[in-house]
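Please keep the sequence and the model side by side while reading.

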Amino acid sequence: MAQPLVATAPEPAPTTAEPDVARRLREQNAHIAQIAGGLAHEIRNPLSTLSLNLDLLAEDFQDAETPRERRAGARIERLKHEARRLQDILENFLRFARLQDVRPVETDLNSVVEDLCDFYEPQASLRGVVVRTHFADDLPRVPLDADAFKQAVLNLMLNAEHAMPEGGELILTTRCDGPTVVLDVVDTGCGIPEDVCSRIFDPFYSTRKGGTGLGLPTTRNIVEAHGGSIEVQSVPGRGSRFSVRLPAARPTAS
């Protein structure tokens, strides 16, 4: 039996007794992310204007009569396609860059995952993906920024969907493991080759045509912003398991 490949995202910076070097690096990364996010905002506005003008131009050539007008119309459509692609990249990058400030509150993880599955299931059905859930009954609450965390899990679900172009099963399981709460996201897709597995959390790395390579790095950022970690186990041809570990909320003193 093939052994699963295992890749783990880098450990998050310590949150207590944090060494000065680690703290400075995190502050520098936050500063760079802030600058990059600001630049992306500056690009997004004129890009939106460009897209709007291309839409108006396309309407002018909707009933093209001459070969020259038809060629112009085709070029405009290509430019619209590229503008949309750039907008998608920018939106993904902004989600990646703005994750410096999550606001966690004690939350029922099962409830968050269940809400997300309800949201995703119509799309899964269209793609031939069957979503199953197995929730631990006695799961402790976890400090979560629910909206940010839903984005992290949705990225994992979409990644699984892309790994199952002919359909398959997507299984989400919660469990306790010592002081941590674990969410496993398992798919029955094509699996991940060893050389890819070691790079899937690298920003802008993607093997999918048209992929931005920011979905899984964004998920890693969100998980680490909650003091958690993420790892993947995969067997090419059989599927993958992404395991998200989160610290359980501390019991309230009575």
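Lys80 is buried, with a relative accessible area of 15%, where buried means under 20% relative accessible area, exposed over 50% and partly exposed in between (1.4 Å probe, protein chains only). This is a predicted model, in which local features need pLDDT of at least 70 and side-chain atom pairs count only at pLDDT 80 or more, while totals for chains, interfaces and linings use all residues. Residues are numbered from 1 along each chain as its sequence is written, and side-chain values use heavy atoms, with hydrogens and water left out.

The side chain of Lys80 meets that of Glu77 in a salt bridge of 3.7 Å, N to O, the term standing for a side-chain nitrogen of Lys or Arg within 4 Å of a carboxyl oxygen of Asp or Glu. Glu77, at 40% relative accessibility, is partly exposed. Both residues lie in helix 2, three residues apart, about one turn of the helix; helices (H or I, at least four residues) and strands (E, at least two) are DSSP runs, numbered from the N terminus. An α-helix has 3.6 residues a turn, so residues three or four places apart point the same way.

By this rule the model holds nine salt bridges. Another of them joins Asp184 to Arg175, with the closest N and O atoms 2.7 Å apart; here Asp184 is buried at 2% relative accessibility, whereas Arg175 is partly exposed at 28%. Asp177 pairs with Arg245, again with the closest N and O atoms 2.7 Å apart. Because Asp177 belongs to strand 5 (residues 168–177) and Arg245 to strand 8, this pair ties together parts that are 68 residues apart in sequence. Asp177 is partly exposed, at 34%, and Arg245 is also partly exposed, at 23%. Elsewhere, salt bridges with shared partners join Asp55, Glu77 and Lys80 into one network.

Helix 6 (residues 215–225) is largely enclosed by the rest of the structure, because eight of its 11 residues are buried. Among these buried residues are Leu216, Arg220, Asn221 and Val223. Their cover includes helix 2 (67–97), helix 4 (146–162), strand 7 (229–235) and strand 8 (239–247), counted by contact, that is, heavy atoms within 4.5 Å. Just after helix 6, Gly227 takes a positive phi of about 80°.
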